[in-house]
Amino acid sequence: LLRIHCLQRRRRTPRTMASVAEQNALRCKEAGNALYKSERYEEAIEKYTESIRLDDTNPAVYTNRAAAHFNLKHFSQALLDSETSTTLDEKWTKGYYRKARCLHAMSDNSSNSSTTTTTTTTTIHTFSSHRLYSRFA
């Protein structure tokens with residue numbers, strides 16, 4: 001009976017498997033953060049990508065990967081990650097901030113800056129609204 005009880009305790013339920021994946025995703029995110037601080041952006045992107053493969057519901061990982069892409073001047077990838085983060089969590093203000101920085105950087109590199117400037121202004125207003133809302137919510 002004791003042996004059966006021990007075997008039952010070892011069985012992983014979908015909930016514990018999810019938490020193991022989440023824990024591994026968190027470890028990858030933290031490793032990515034350490035690499036980012038060391039300005040090893042390519043390696044940080046790899047760790048953030050690994051974290052996303054394990055748990056694709058954390059908006060912080062997308063904004064962290066966006067920051068690494070931004071520092072490498074991969075503005076389109078940074079923009080995509082920023083938008084993904086705000087899709088996952090509409091109140092994730094850091095995602096709007098990263099998106100605004102990407103659009104601004106892209107407008108500096110673009111000859112058609114009027115459309116990008118309008119989009120950047122809209123993003124900044126949305127970012128400000130979410131930040132103001134989060135203070136009173």
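Mentor: Read along the sequence, the protein chain has the pattern α-α-α-α-α-α-α. The secondary structure comes to seven helices and zero strands. Helices (H or I, at least four residues) and strands (E, at least two) are DSSP runs, numbered from the N terminus. This is a predicted model, in which local features need pLDDT of at least 70 and side-chain atom pairs count only at pLDDT 80 or more, while totals for chains, interfaces and linings use all residues. Residues are numbered from 1 along each chain as its sequence is written, and side-chain values use heavy atoms, with hydrogens and water left out.

Trainee: What share of the 137 residues in the protein chain is buried?

Mentor: Buried means under 20% relative accessible area, exposed over 50%, and partly exposed in between (1.4 Å probe, protein chains only). Buried residues make up 34% of the 137 residues in the protein chain. For contacts, the cut-off is heavy atoms within 4.5 Å. Of the contacts in the protein chain with a separation of 6 or more, 50% are between residues 24 or more positions apart.

Trainee: How should I read a pair of packed helices?

Mentor: Two packed helices are described by the angle between their axes and the distance between the axes. Axes are lines fitted to C-alpha atoms, for helices over the stretch in contact, and angles run from 0 to 180 degrees between N-to-C directions. Angles under 35 degrees count as roughly parallel, over 145 as roughly antiparallel, 65 to 115 as roughly perpendicular and the rest as oblique.

Trainee: At what angle do helix 3 and helix 4 pack?

Mentor: Helix 3 and helix 4 pack at about 155°, with their axes 9 Å apart. Helix 3 is therefore roughly antiparallel to helix 4. Their crossing is left-handed; a crossing is left-handed if the near helix is turned anticlockwise from the far one by less than a right angle, and right-handed if clockwise. Helix 3 contributes Tyr41, Ile45, Tyr48, Thr49, Ser51 and Ile52 to the contact, and helix 4 contributes Val61, Tyr62, Asn64, Arg65, Ala68, His69 and Asn71. By class, this contact has seven nonpolar, five polar and one charged residues. Ala, Val, Leu, Ile, Met, Phe, Trp, Tyr, Cys and Pro count as nonpolar, Asp, Glu, Lys and Arg as charged, and the others, Gly among them, as polar.

Trainee: Are helix 4 and helix 6 roughly parallel or roughly antiparallel?

Mentor: Helix 4 (residues 59–71) and helix 6 (residues 93–108) pack at about 20°, with axes 10 Å apart. The two are therefore roughly parallel to each other. On the helix 4 side the contact uses Thr63, Ala66, Ala67 and Phe70, and on the helix 6 side Lys94, Gly95, Arg98, Arg101, Cys102 and Ala105.

Trainee: How far apart are the axes of helix 5 and helix 6?

Mentor: Their axes are 8 Å apart, at an angle of about 155°. That makes helix 5 roughly antiparallel to helix 6. Helix 5 passes helix 6 in a left-handed crossing. By class, the contact has eight nonpolar, five polar and three charged residues.

Trainee: Which residues form the largest nonpolar core?

Mentor: A nonpolar core is a set of buried Ala, Val, Leu, Ile, Met, Phe, Trp, Tyr and Cys residues joined through side-chain atoms within 4.5 Å. The largest has eight residues: Ala66, Phe70, Phe75, Ala78, Leu79, Cys102, Leu103 and Ala105. Helix 4, helix 5 (75–88) and helix 6 each give two or more residues to this core. A second, separate core has six residues, including Ala44, Ile52, Val61 and Tyr62.

Trainee: Is Ser85 buried or exposed?

Mentor: Ser85 lies in helix 5 and is buried, at 0% relative accessible area. Not counting residues up to four places away in sequence, Ser85 touches Pro59, Tyr62, Thr63, Trp92 and Gly95.

Trainee: What should I look for in phi?

Mentor: Most residues other than glycine have a negative phi. Glu39 has a positive phi, near 60°, and sits in the loop between helix 2 (14–37) and helix 3 (41–54). Glu39 is exposed, with a relative accessible area of 59%. Lys73 also has a positive phi, about 65°, and its place is the loop between helix 4 and helix 5. At 64% relative accessibility, Lys73 counts as exposed.
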